[in-house]
Amino acid sequence: MGEIEVRGISASPGIGMGKVFRLEQKRLVIPEEEIPEEQVEQEIGRFLEGRRKAFEQLAGIHARAVENLSGEEAEVFEGHLEILMDEDLEEEIKERIGGYRFSAEKALGEVFEENAREMEELENPYMRERAADLRDIGRRLLYAVAGEELVSLDSLEEEVIVIAEDLTPSDTAQMDKKRILGFATERGGLTSHVTIMAKSLEIPAVVGAGELLSHCRDNQIAVLDGTAGSVVFDPREETRSACGEKISLLKKEREFLDRLRDLPAETLDGHRVELCANIGSERELEGVLSHGAEGIGLFRTEFLYMDKGRLPTEEEQFAVYRKVAESLGGKGIIIRTLDIGGDKDVPGLGLQKEENPFLGWRAVRMCLDLPEMFALQLRAILRASHYGKLRIMYPMVISLSEIRRLNALLGKAKDDLRAAGVPFDEDIEVGIMIETPAAALTAHILIREVDFFSIGTNDLTQYTLAVDRGNERIADLYQPLHPAVLQLIHRVILASHEEGKWTGMCGELAGDERAAPLLLGMGLDEFSMSAGSIPRIKDIIRRSSRADLRELAVRVLNAGESREILEILKAYRSESLSPGTQGQNDLI
Ligand code: PEP
Ligand code: MG
């Protein structure tokens, strides 16, 4: 049989070659017939016993996740344990066993499925992910009640490439990086849990590949290229040796990048910028420090609210901000005030469904309408500012009056703390995110009220181009390198420099290797990205010369469309970037 190549979405970079392990679960037969009344108690007993077993399994997975994954991922399983033991779900299941005389399997299957569907109908990517969690827990419970084993990845004895229809969060949490060379799934997309976890574990992964299981057998050899988004079964000799070469190049590249960790992000002609990390929780701090970030350019505080499903108290927030402040030892940390609404819901807040959530009641609009809730966050940030170098940043601003009203609330929070004798950094800097064309076009006015800007290209792109950032159907129109977006970015940087202030960027474009020379040429002062991207961007900066980059920026800003801009950037990389370690240019 010749080699078969299947292509999917590149979810986590890297390459692996090894034997296939098909992760397929045994199909269960659900007892459909009504149970006799005298069996009700016994059936409820079977459900509770199954739940106890499932709890033990999940508690084990949680303990493992705490050891192997980032805190945020481990927290997912705390949530799973809570859902498994949820009293409302328990009541619903018992009611179906007692009232409808369903078997325990049928009762729980229906209850979990109905609840998952309700979540899916909320049309919100975050809630859709929660629906997947609910199904994952339901399935574990079902197998435990039926007395069947779930095939798992925790007892692998050799290195394998995992192939599955889809992977649940608990499957991924059981993954041991030493045994799993890569994995590919038939389903899943870029925002799914499995993708986020693969990146966090640094396991090469391909998702959404369509038919996979029907093309492979256990123990067959496969090459999985997470960077290219492909899986090759029964690879030919040339494919195998090309894979071997890529693996050794990647290893060399990693060693080289590790050596850059403590070096500055400075061009060949001495122009220095700052490379910072984006985080969503204090548990990501380890990665921030290990990848050599010079600070935190964006702390997305809404995850504190989203994970809890309710408003965190001032004390809870203060504890997190203080820990982050202390861990960074004097390096700058930009705390973004609450940015919920849009695609980020907080289940416990009972937010109303809106026709156009991205254009709706979100971020500072909500904070200005709920000043007491906002004051809790401002006080928590101010109090923590006594323990490190914190900065405050407001998201989604469109006008001067918003900044003035937000700053008035900040002034009031400061007055309250002063009156109570609580120490805080009196000189704490305040900035805004530039995420709307309105803010970008009036940057020269807005800058007078703030200390810095940070450009949020994820939103700026969607609002400038009128392209929903989460809509797969128009994903090809979502172009952060569109001339309109770049003109706005340039304008914002110039406006800040004219006032002697600085501009950073914390949208995904800041970590985009193609864009780095251009942004540097346009004068961007700070780049903030997921911590793992820092070493590669630093390498590009250290191989560039500022004079060349200025010229590059002029050429790009005169180009008429994204395609042309991409070509200019590609040509620059292959022709003008000074050489780095051998082979490294071939990889990136
Ligand atoms: C952005 O919009 O670019 C940004 C960084 O904010 P978020 O992705 O959280 O909306
Ligand atoms: Mg945004």
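Let me start at T457, where a backbone N or O atom lies 3.2 Å from an oxygen atom of ligand 1. Keep in mind that this is a predicted model. At N458, a polar backbone atom is 2.8 Å from an oxygen atom of the ligand. R336 uses its side chain instead: an N or O atom there is 2.8 Å from an oxygen atom of ligand 1.

How much of the ligand does the protein bury? Taken alone, ligand 1 exposes 290 Å², and 99% of that is buried by the protein. The space that ligand 1 takes up is the largest cavity.

Now the shell. The ligand is surrounded by 13 residues, and the closest are R300, R336, G456, N458 and R469. Sorted by class, the shell has 6 charged, 4 polar and 3 nonpolar residues.

Where do these residues come from? Of the elements, α17 gives the most, with 3 residues.

On the domain level, the shell takes at least three residues from domain 3 and at least three from domain 4. Domain 3 is in two pieces, 251-272 and 435-588, while domain 4 covers 274-430.

To recap: ligand 1 takes up the largest cavity, and both domain 3 and domain 4 contribute to its shell.

Definitions and conventions
Residues numbered from 1 in each chain as written. Chains lettered and ligands numbered in written order. Predicted model: local features only at pLDDT ≥ 70, side-chain atom pairs only at ≥ 80, totals over all residues. Heavy atoms only, no water. Near = heavy atom within 4 Å. Polar contact = N/O pair within 3.5 Å; in protein donor to acceptor, adjacent residues only side chain to side chain. Areas by Shrake-Rupley, 256 points an atom, 1.4 Å probe, with all protein chains shown as cover. 1 Å grid on protein atoms, 1.4 Å probe; cavity = no way out; pocket = protein on both sides within 12 Å on 5 of 7 lines; lining within 4 Å. Sits in = over half its atoms within 2 Å of the grid points. Helix = DSSP H or I, 4+ residues; strand = E, 2+ residues; numbered from the N terminus. Nonpolar A, V, L, I, M, F, W, Y, C, P; charged D, E, K, R; others polar. Domains from an automatic or database assignment.
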